[in-house]
Amino acid sequence: MSQATPAPQSQALAPWGRVRPARRRADRLMKLVATGFTLMAISVLFWILGMLIVKGVAGLSLDTFTKVTPGPGTAGGGLANAIVGSLVLTLIGIAIATPIGVLAGTYLAEYGKGSKLAELIRFINDILLSAPSILIGLFVYVVMVEPMGSYSGWAGGIALGIIAIPVIVRTTEDMLRLVPGGLREAGAALGAPPSVVITAITWQAAKAGMVTGILLALARVAGETAPLIFTALNNNFWFSPSLIGGVSNLPVTIYQFASAPYENWQQLAWAGSLIITFSILFLSLAARRLVRGAK
């Protein structure tokens, strides 16, 4: 049988020689487009941060942290009551969300593998993750503010807690799933019940990631404005220790002061925005540090 004569090497390589320059051009074009959009996004980010720093620093002073928010047309003033109010509302929200989120995430990772209830919980959790915060604020307003007949810091804290719960649930489940099964088997081989294996072994192995999820949830709710408008509202004075009535807070204060015609209000709005931004930045950096330390 006669064998087919192989094509000359120059003829076999000719088509590839024509394709390669086109591929190189396409590769360079995609790199150029990707780099251009990346630089565009970074430039916009630095533009916003630069404007925030320039105008925010100009509004910072000792009075910002020691005096209460001024009334309409009043000179001076600060953000002391709003800063303390935001801390109180955020801590209430995280105090509510942390045990619920950690325990729900633990159930999904340890007990609910493959169960229909776990799938339903994950589905609801995903909905809450993407739900607009204003809807959560409206929900708390209907079920808590209207029956009480008054705005309150408790309603604001519960609204923030509902927003933080799905973040903690998802992070806790993901971190616990990363724990090797051999650790659980070793604990069970020593005769430890499942509850002890989870609390003494699994949680200890995943604690850095779980704390990271709590910090991310804290950063998530720290700047929320919409739910607080429906729940805690705001005021220009120190709030009641019972947290009944309007509770001053930074997000709503910024929203109100930024659109006001008073120059000192606008300066305080920029200062408050700078404080919130750097607080969230600090929490994000702390979370990243914890994640790196866990690896």
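Mentor: Helix α4 passes α6 in a left-handed crossing. A crossing is called left-handed if the near helix is turned anticlockwise from the far one by less than a right angle, and right-handed if clockwise. The model is predicted, so local features need pLDDT of at least 70 and side-chain atom pairs count only at pLDDT 80 or more, while totals for chains, interfaces and linings use all residues. Residues are numbered from 1 along each chain as its sequence is written, and side-chain values use heavy atoms, with hydrogens and water left out.

Trainee: At what angle do the axes of α4 and α6 cross?

Mentor: Axes are lines fitted to C-alpha atoms, for helices over the stretch in contact, and angles run from 0 to 180 degrees between N-to-C directions. Helices (H or I, at least four residues) and strands (E, at least two) are DSSP runs, numbered from the N terminus. Here α4 (residues 116-130) and α6 (residues 153-177) have axes that come within 8 Å and cross at roughly 130°. Angles under 35 degrees count as roughly parallel, over 145 as roughly antiparallel, 65 to 115 as roughly perpendicular and the rest as oblique. α4 and α6 are therefore oblique to each other.

Trainee: Which residues of α4 and α6 meet?

Mentor: Contact means heavy atoms within 4.5 Å. On the α4 side are R122, N125, D126, L128 and L129, and they meet I165, P166, V167, V169, R170, E173 and R177 of α6. For classes, Ala, Val, Leu, Ile, Met, Phe, Trp, Tyr, Cys and Pro count as nonpolar, Asp, Glu, Lys and Arg as charged, and the others, Gly among them, as polar. The residues of this contact of α4 with α6 divide into six nonpolar, one polar and five charged.

Trainee: How do α3 and α8 cross?

Mentor: Their axes come within 9 Å, at roughly 135°, and α3 and α8 are therefore oblique to each other. The crossing of α3 and α8 is right-handed. Its residues divide into 13 nonpolar, five polar and one charged. Among those that meet are T90, I94 and T98 in α3 and W203, M210 and A222 in α8.

Trainee: At what angle do α3 and α10 pack?

Mentor: α3 and α10 (residues 250-258) pack at about 140°, with their axes 8 Å apart. α3 and α10 are therefore oblique to each other. A82, I83 and S86 of α3 make the contact with L250, P251 and T253 of α10. That contact has four nonpolar, two polar and no charged residues.

Trainee: What volume does the largest cavity have?

Mentor: On a 1 Å grid over the protein atoms alone, a cavity is a set of points where a 1.4 Å probe fits but cannot get out, and a pocket is an open set with protein on both sides within 12 Å along at least five of seven lines; lining residues have an atom within 4 Å of a point. Grid points are joined across faces, edges and corners, and a volume is the space filled by probe spheres set on the points. The largest cavity has a volume of about 40 Å³. Its lining includes S86, L89 and T90, and α3 gives the most to that lining, with three residues.

Trainee: How much space lies in the largest pocket?

Mentor: About 300 Å³. Of its 13 lining residues, the closest to the centre are L87, T90, A222, S279 and L283. α3 (80-111), α8 (194-222) and α11 (263-294) each supply at least two residues of the lining. That lining has ten nonpolar, three polar and no charged residues.
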